[in-house]
Amino acid sequence: QVQLVESGGGLVQPGESLRLSCAASGSIFSINAMGWYRQAPGKQRELVAKILRGGTTNYADSVKGRFTISRDNTKNTVYLQMNSLKPEDTAVYYCNANIRDSRSWRDTAYWGQGTQVTVSS
């Protein structure tokens, strides 16, 4: 069994920063891509940022220059540093990871439970 546990969401004012963390645990052999998605009320879930095991990253245009994704492969953890937050960044943020299970040897995409980020004055 594999779990993704997120932390770091909250309520901030426009222009402030937050750092999200997501730790994977369980029967993990390896983790390829890890990423963050978000879903605002009434909207579809969208990709925010993704990082491959080797460090290659890609970002949604709306967050380029403000958000930074990183990972610690020794801790099976991915981070999202969010700076200069705007009200339109308000959403539930979900962690995603493509994990090869050490028992079944299957590759599966796992999701975290989501963490609320609210940007409001």
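What radius of gyration would a compact globule with 121 residues have, and what does the chain have? The rule puts such a globule near 14 Å, and the chain has 14 Å, which agrees. The radius is taken over C-alpha atoms, and the globule rule is 2.2 Å times the number of residues to the power 0.38. Along its principal axes, the C-alpha trace spans about 50 × 25 × 25 Å.

This is a predicted model: local features need pLDDT of at least 70, side-chain atom pairs count only at pLDDT 80 or more, and totals for chains, interfaces and linings use all residues. Residues are numbered from 1 along each chain as its sequence is written, and side-chain values use heavy atoms, with hydrogens and water left out.

Start with the secondary structure. The chain has zero helices and 11 strands. Its pattern along the sequence is β-β-β-β-β-β-β-β-β-β-β. Helices (H or I, at least four residues) and strands (E, at least two) are DSSP runs, numbered from the N terminus.

Next come the totals. Of the 121 residues, 40% count as buried. Buried means under 20% relative accessible area, exposed over 50%, and partly exposed in between (1.4 Å probe, protein chains only). The chain exposes about 6,500 Å², and carbon and sulfur atoms supply 45% of that area. Areas come from the Shrake-Rupley method with a 1.4 Å probe; for residues, only the protein chains shown count as cover. Among contacts with a separation of 6 or more, 56% join residues 24 or more positions apart. Contact means heavy atoms within 4.5 Å.

Charge is quickly told. The chain carries 14 positive and 9 negative charges, and their mean positions are 5 Å apart. Lys and Arg count as positive, Asp and Glu as negative; His and the chain ends are not counted. The place of a charge is NZ of Lys, CZ of Arg, CG of Asp or CD of Glu.

Two strands pair if DSSP finds at least two bridges between them. Strand β4 (residues 28–39) pairs with strand β9 (residues 91–101) in the antiparallel sense, over nine bridges. Within that pairing, Y37 has Y94 of β9 as its bridge partner. β4 also pairs with strand β5 (residues 46–51), again antiparallel, over five bridges. Here W36 stands opposite A49 in β5. The hairpin of β4 and β5 has six residues between the strands, and G42 takes a positive phi near 80° in it.

Strand β11 (residues 115–119) is the next stop. β9 pairs with β11 in the antiparallel sense over three bridges. Y93 has T115 of β11 as its bridge partner. Strand β2 (residues 10–12) pairs with β11 too, but in the parallel sense, over three bridges. There, L11 has T118 as its partner.

Turn to the loops and their backbone angles. Most residues other than glycine have a negative phi. N76 is not a glycine, yet its phi is positive, about 50°. N76 sits in the loop between β7 (67–72) and β8 (77–82). Its relative accessibility is 23%, so N76 counts as partly exposed. W105 is another non-glycine residue with a positive phi, near 65°. W105 belongs to the loop between β9 and β10. At 47% relative accessibility, W105 is partly exposed.

S104 lies in the loop between β9 and β10 (107–111). With a relative accessible area of 40%, S104 is partly exposed. S104 and R38 are 66 residues apart in sequence and 29 Å apart in space, C-alpha to C-alpha.

Two more residues complete the tour. K86 is in the loop between β8 and β9. Its relative accessible area is 34%, so K86 is partly exposed. Leaving aside neighbours within four places in sequence, K86 contacts R66 and V119. K86 and L4 are 82 residues apart in sequence and 26 Å apart in space, C-alpha to C-alpha.

S70 lies in strand β7. S70 is partly exposed, at 30% relative accessible area. Neighbours within four places aside, S70 is in contact with I51, T77, V78 and Y79. S70 and K50 are 20 residues apart in sequence and 8.9 Å apart in space, C-alpha to C-alpha.
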